[in-house]
Amino acid sequence: MATSSVSKGCFVFKPTAKKKRISGAEDFFVDGSEDVENGKLRFRLCQSTWDEMKEEIEQVQEDLNKKMLDGLLEFVKKSAASFWCRDDDWMSRMRASEIPTAALVLGVNMPDHTITFESMTELLHDSLTPFVASVQAKECTAMKQLMQKVLQRLMGTNVMVDEDEAEADLGFHTRDCPQKRVNCSLSALCDWYQSATKKSPVKSPRKRLSSSQSEFLQSPPVVVIFRDLEAFSPQVLQDFILVCSQYVHQLPLVFIFGIATSPSTIQRMLPHSVSSLLCIELFQSLSCTQHLATIIDKLFLTSKFHFKFSAKVLQVLVGIFLYHDFSVCNFIKGLQLSLLEHFHSQPLSVLCCHKQEALVHAQQLNDRDVERIQQLPSFMRYVEEQVPEEQVQLLTSSEHVKGVCQKLLKSLHKYHKNFYPALRCLHVLTSILPKYPLGKQIRELYVLCLEKKVWETQEYDSAMQLIRMLAKDELVTCLQKCVEILTFCKSKKLKKVGQQLQDITATCEKLDKLSDEGNLVDGEEGDRENDSSGKGLQKTDLFHLQKTLLEMKECRRTRRKTPYEILRNAVVDYIDNLVKTHLYPPESQPLYEVWYYSSSGTVRRHLNATPRTSIQTALSHPYCYLQNEALKNDSGIISSAAPDICIIYKLHLECGRLINLYDWLEAYATVATAAEGKDPSAIEGGKVDELKHARFIRAVSELEFLGFVKSTKQKTDHVARLTWGGC
Amino acid sequence: MSPAKRAAEVSGLYVRFVGDAEVLEHIVERREGAKVPKGSVQKLLALKEDQGPQECEGSVGEQDYLDALGTGATAGEEDGGGGGGGSSGPGGSAVFTFQTAKRSHKMAQMASEMARAPGRTVTFCSPGSPEAAGSPSRGSRGAAGETRTPPKGRKVRFVSSTPHRLRKRLAAPNLRSESDSDLSPSHSEDEEDDDEEEREEKEELREAELTTPSKVAAAALYRTPAKKPKKGLEPSLVEEYFTAHASSKVTTSDRTLQKLQTPKLDQETLARLLDGKPSSYADEINQLNKEHEKFFSKWMLQLQLGFNVLLYGLGSKKPLLERFRTSRLLGVTHLVVNGFFPSITLKSILNSITVEVLEHQGSFRSPVEQMDFIMKSLRQDPSLQVYLVIHNIDGPMLRSEKTQQALGQLASLTNVHVLASIDHINAPLVWDQAKLSLFNWLWYETTTYLPYAEETSYENSLLVQQSGALALSSLTHVLRSLTPNARGIFRLLAEFQLESRDNPSYSGLSFQEFYQRCREAFLVNSDVTLRTQLTEFRDHKLIRTKKGADSVEYLLIPVDPATLTDFLEKEDAQ
């Protein structure tokens, strides 16, 4: 059973005769917690929530890609059709010598593209053609390999899909075909294609899709997908395109290029002589930031899901997205992790589910859980606000707590129902303001609202001031949008608000008529202003100009407000009121801990770890990990009592590029002797106690293992230092 | 020459380094409030100047970023103790810096400083110098090192390193003068004296530093014409960088381990010596490891939910993973891979999967094909759960792009669960975005402080005591089986290589010359015989051939001279 050996580095262990069945994830979830039933319940909740979320995410992604994929499908269909019904006129013959190519601009995070490509391949397979080959640059470093892969996938897919049929029809190609390298050429592919389409021209190559079978064209196009165009070697690509263009009359080829950066890559990689053989159409996918925005919108800015992020966690995840990888997949991974952590670490998360279910769960809480509720900071705050008798009740009677808990859960649900529409309204109004005082994206506003009372911030004030300056048409469009949002929400209260806003909008429209009358009144003033401005123009004197400007300002200040302005102020006040009633930060709600996951540190440590920092901290400040008084030291200098490797590390920091091992050893011996309480001056040059020597060797090898030093041949008995820093 | 300097030279007749004298001089002068010193003070000031902007820049940029990531002090507080040193650790600016100029015997100095660390009242001074006793220096150091406020550890740490940097700066002129006289000699007594001198100086320096009204005085000094005027106020990092990289000369002492009176230690003695000795913080380390063990169920849970777990942090993680394996994995099929094993290959890992796990009898033409087979069979049988425990997935043999790609593909399968550890500080560079997404890691910090006993136990990882025992024994073994003539040929090459070992440009013995010599020694009679013989050597990796610039073949024995000498001695003895 040993896993160390000097001759082997890989050990396999198989359970002997099913002596122990591996327990499921659920068992590990409840392992360590005292309340098994509660744990199991939480695990189930966690799983179901995750499944729901995953479904939603998939739906969102499908919707996002739909437009691009539909366009792509249309393109492939069209080009295939043009191949099929080839006319004899000069134009189409010109076109026919070009290979139709779709350039897909997908964004910089490559791993995220996998889903897109998968759904694309599936779509093509299902509705258009059985002949789809997808290649990656990694597997095709030379022309030969590329050709081999393409052929293998085209023919191989067919073999795999309808084995029995193919065996009868193309017995020549089945099974051994992918292994065959002899006729790895496009002419072989042509032959194969001819036979494949001729033998089963009407029959679908895919049985299970017999319904869509009729949609297949007589000669379905052969689609080759280059998943990461940038990574291909230009030479290979050029050669492949040149060869393919020779067969374009016999083979309805269609290329799809997956591009991470910009469409100009094609021009950069392919010379004109080659790119002129392609008939390129550009397809742009949604940018990853929009993708993320949609995900956040659908998963968090809705009362559908009850699991929520606190401001910090959301910031961490969005930060990782923006600063590290632009990967929506990683964001979702973070979501999954936090979900798991929340249900795992918070025993009260049994209440984090749909309303009815939660109320039932609340009724079934046991004493331990009630105690936990009583200890929640938000609940404690709630208790403090109550009258003394109620306080006593809340602290003593668990039945009462359960009742109150149900009430609070209801109000929590209600709070969220109102929160998101109000948030959206505020976003609609503030996202058109110059400089976006409350953020351009709704997630920024959301984070702000999660953190604190938004109306107490300076940004909010300035935003309100800016709204007070909005032109009428802008305001009206915003209000209409708000009304739309509010009418669609479920809450009665907000529906009423929506009604009122509708009225305001209507009045606003009516103002148009009123303003005609107003114009008459304003006309006189305008005349006067015209007069004064005329005067200003005549005199170019700075002093006078200033004077006139001041006068104008004066008269504007005193000017009567127009009906629109009055209305606008009313609107702003109304919105302000709306915000103040509904956009309370969740912390203010009792029991919010049940829904909100707030341990941003955990998420960051698991997703965005800094191993080197951790190692260097451990080396230079062992007290952070080993709570021993002897290691405690304020000044940053570690004591001689620290572990060997820390001392060795500290000493090596004082060296330049090369380190003399002898000096190092001597220095170490000095420290180590002192640590033992002996007089270090007692050691004479060259006399180092064997044990210290051994400890030194071990510590140095460890430093080498960690990558701080390496052996060098520049000078005898020296090692080279590899890092700079960590003082 | 200023009078003070002369005085210093008179008084300190035994001072060896001029640079030190200069340091002393300017301190003395400043104390007396005498004339404005040059040179070294300039340095001191430059340091003060560049500390400011550098610090701000670093902390501002970082702060922005940290804010964005939401790691504040609060994030650190959340995890509440328990070895979670994440946020209190040094920040990026402290970890990733450029090389700075260092003085040669700084280390000894540091050692003596550490030897006087708190709790140990040890004096590292010869009886002659009374004032260098432990206590006063403690006092001054305590004052120099700032108090650390816990939440903003990073910034403060930067400041607290000031004394170091200061000394470094002051050392710079010294370095130059040293390199003129070319490398420090090796009389140890002298050196000790030096150390003392320096320490005195340093003490005085510290005092000076404390007594001067630092910034104002320094700024005033800066305005005076300097010896080497620097344009602008931004010498800072850039300059420091170029000073450090200016000369390729290495100023370390010439002493070698040969001077040690203790004999060289081999692997066994080493193991024997270290075995019986328990670590000084066994309790704390035990407790730390106990903390990590609490995560076992969580790891299992997360592994089953499709994540893979990666452990990092100082100390060997093998015992921890081994405990995990024996406590949780005994009921399932699992694989243990020792990534630190010097001859582990992807092939051996894949082979163990195909042969032992999948029980497939048959060979594969390429690893790619084998991978495809594994992926296919594992996909087909979702009930087969395979746990892969990889110690040191960043091991030297596993670092290659292809290997990591293959491991990533394995890890991305739903029924393969990977639990791995990394130790090298640059290990994360092994993965790019694509691979990271394949691996789907959850990172866990598990600092164990356990010695890397097994990881460093292989011969070639032991840099200090590269005894060459293995090389030597293989040499003797192979040669013993050869004909006397062949042995003679090898001997000839070995002797020649030893003769020219002082010649740094020696690239080997050319084939023609070698042939001549062999003929003269009556060892071969034709070109062909020699070539056959050489092929045999090459097959046993006894020699290496290199094509020179003139396209002539050069022959070389890839063994270090010491081992070679040992070998020849042994041969002679027989």
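This is a predicted model: local features need pLDDT of at least 70, side-chain atom pairs count only at pLDDT 80 or more; totals for chains, interfaces and linings use all residues.
## Nonpolar cores

The largest nonpolar core holds 134 residues. Within this core, Phe379(A) and Leu423(A) touch the most other members. Helix α18 of chain A, residues 398–430, supplies the largest share, 15 residues. Nonpolar side chains tend to be buried together in soluble globular proteins.

Leu423(A) reaches well beyond its sequence neighbours. Leaving aside those within four places, Leu423(A) is in contact with Leu301(A), Ile442(A) and Leu445(A), and also with Tyr446(A), Cys449(A) and Leu583(A). A second core is separate and has 50 residues. Its members include Ala618(A), Ala642(A), Ala667(A) and Leu703(A).

A search of the whole structure finds 0 disulfides over all chains. Take Cys244(A). The closest cysteine sulfur to its own belongs to Cys190(A), 9.3 Å away. A disulfide needs the two sulfur atoms within 2.5 Å, so the sulfur of Cys190(A) is too far for a bond. Cys244(A) is buried, with a relative accessibility of 0%.

Cys353(A) is in no disulfide either. Here the nearest cysteine sulfur is that of Cys352(A), at 7.0 Å. Cys353(A) also counts as buried, because its relative accessibility is 4% and the cut-off for buried is under 20%.

## A sheet in chain B

Chain B has an open sheet of 3 strands. The strand order is β6-β8-β7, and the pairing is antiparallel. Strands β6 (509–510) and β7 (544–547) of chain B lie at the edges, each pairing on one side only. Strands of a sheet pair through backbone hydrogen bonds.

Strand β8 of chain B covers residues 553–556. It is joined to β6(B) by 2 bridges, and the two strands run antiparallel. One residue pair shows the link: Ser510(B) has Tyr554(B), in β8(B), as its bridge partner.

## A helix residue in chain A

Val360(A) belongs to helix α14 of chain A, which spans residues 355–363.

How far apart are Val360(A) and Glu118(A)? In sequence, 242 residues separate them. In space, the C-alpha to C-alpha distance is 42 Å.

Notes. Residues are numbered from 1 along each chain as its sequence is written. Chains are lettered from A and ligands numbered from 1 in the order in which they are written. Side-chain values use heavy atoms; hydrogens and water are left out. Buried means under 20% relative accessible area, exposed over 50%, partly exposed in between (1.4 Å probe, protein chains only). Helices (H or I, at least four residues) and strands (E, at least two) are DSSP runs, numbered from the N terminus. Two strands pair if DSSP finds at least two bridges between them. A nonpolar core is a set of buried Ala, Val, Leu, Ile, Met, Phe, Trp, Tyr and Cys residues joined through side-chain atoms within 4.5 Å. Contact means heavy atoms within 4.5 Å.
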